[in-house]
Amino acid sequence: MSGPHTLPTVLVVEDEEEVLELLGEYLRARGYGLRTAYDGESALEIIRSGGVDIVLSDLKMPHLGGLELLGHVRSHPTPVAFILMSGFATVDSAIEALKAGAYDFLRKPFKLRDVHHALSDAAARLEEVRAASRRRDLLAFYEQAHGISDPDDLPRLFGTLASVARRETKAEEVALWLVGAGGWDPVARGGRVQALRRIDVGSVSADAGGAMESGVLALPLRLADRRIGALAVAGGAARTDAHRIRLQRLGRALCDTLARVGWRPDG
């Protein structure tokens with residue numbers, strides 16, 4: 001969900017083809033982003049690749065059921081709303097699902113208006129959860145950066161920065177490079193790094209605003225007018241000026257910390 005007028009992307013996980021087609025047609029017709037999976041294991045791969053806002057999953061599936069899938073989703077770094085549905089629903093199963101963290105529970109056969117209400121409620125709650133999570137992540141990063149006094153503690157900060165940068169820009173992949181004795185060293189990566197493996201770090205625009213090309217946002221890092229690294233994200237949501245500004249703030253905080261602890265490119 002990249003903006004207030006953008007509908008979320010829904011992953012429908014259902015091993016009954018007729019139900020999957022029905023929900024797919026309904027969601028596409030109303031402008032939702034749509035991903036589909038026939039089982040929990042395939043769904044988990046899609047979720048891990050990023051870009052899913054809401055999971056609408058059957059409860060009973062072979063290999064990896066809806067509750068097990070929900071457990072994996074709850075450990076995902078970016079909050080994802082989860083709605084379970086079942087043709088064997090009971091009050092006990094609904095209570096179990098909600099206690100496990102599901103946003104809602106739909107009993108089959110359901111009416112499409114019930115799906116609409118469940119998705120609308122889940123999207124509204126998810127926005128609140130993600131906003132709170134983003135604030136916590138930012139605060140944790142800035143507190144960690146402020147508390148570092150030893151260069152040996154920097155690798156942990158690099159990892160935190162990569163995670164926060166990916167979430168702040170809703171990207172599928174992130175990479176951080178710093179210049180070393182042998183050239184550009186990748187000191188942190190996140191997600192399934194694909195596009196960023198091919199990036200020429202040395203060609204990243206020297207402009208402090210960075211560059212946005214083909215879904216990649218790359219920001220140069222500078223210390224005392226010397227270029228010392230780059231921070232880049234790719235994939236996921238379309239890159240925006242808001243993403244650029246957020247990445248710039250993170251980059252400046254990192255450079256301030258490097259200067260304060262006496263970091264040098266030659267170590």
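Please keep in mind that the model is predicted. The chain holds 7 helices and 10 strands, and 48% of its 267 residues count as buried.

**Overall build**
- Along the principal axes, the C-alpha atoms fill a box of roughly 65 × 35 × 30 Å.
- Taking contacts between residues at least 6 apart in sequence, 61% join residues at least 24 apart.

**The largest nonpolar core**
- This core has 32 residues, and Leu221, Ile228 and Leu258 are the ones that touch the most other members.
- Two or more residues come from each of α5 (112-147), α6 (154-168), β6 (173-180), β9 (216-223), β10 (226-234) and α7 (241-260).
- The element that gives the most is α6, with 7 residues.
- Leaving aside residues up to four places away in sequence, Leu221 touches a set of residues including Leu176, Trp177, Leu178, Ile228, Leu231, Leu254 and Cys255.

**The α5 and α6 pair**
- How do the two helices lie relative to each other? The axes of α5 and α6 come within 10 Å and cross at roughly 155°, which makes α5 roughly antiparallel to α6, because the angle is over 145 degrees.
- The crossing of α5 and α6 is left-handed.
- From α5, Arg134, Asp137, Leu138, Phe141, Gln144 and Ala145 meet Arg156, Leu157, Thr160, Leu161, Val164, Arg167 and Glu168 of α6.
- By type, the residues in the contact of α5 with α6 are 6 nonpolar, 2 polar and 5 charged.

Methods
Residues are numbered from 1 along each chain as its sequence is written. This is a predicted model: local features need pLDDT of at least 70, side-chain atom pairs count only at pLDDT 80 or more; totals for chains, interfaces and linings use all residues. Side-chain values use heavy atoms; hydrogens and water are left out. A nonpolar core is a set of buried Ala, Val, Leu, Ile, Met, Phe, Trp, Tyr and Cys residues joined through side-chain atoms within 4.5 Å. Buried means under 20% relative accessible area, exposed over 50%, partly exposed in between (1.4 Å probe, protein chains only). Helices (H or I, at least four residues) and strands (E, at least two) are DSSP runs, numbered from the N terminus. Contact means heavy atoms within 4.5 Å. Axes are lines fitted to C-alpha atoms, for helices over the stretch in contact, and angles run from 0 to 180 degrees between N-to-C directions. Angles under 35 degrees count as roughly parallel, over 145 as roughly antiparallel, 65 to 115 as roughly perpendicular and the rest as oblique. A crossing is left-handed if the near helix is turned anticlockwise from the far one by less than a right angle, and right-handed if clockwise. Ala, Val, Leu, Ile, Met, Phe, Trp, Tyr, Cys and Pro count as nonpolar, Asp, Glu, Lys and Arg as charged, and the others, Gly among them, as polar.
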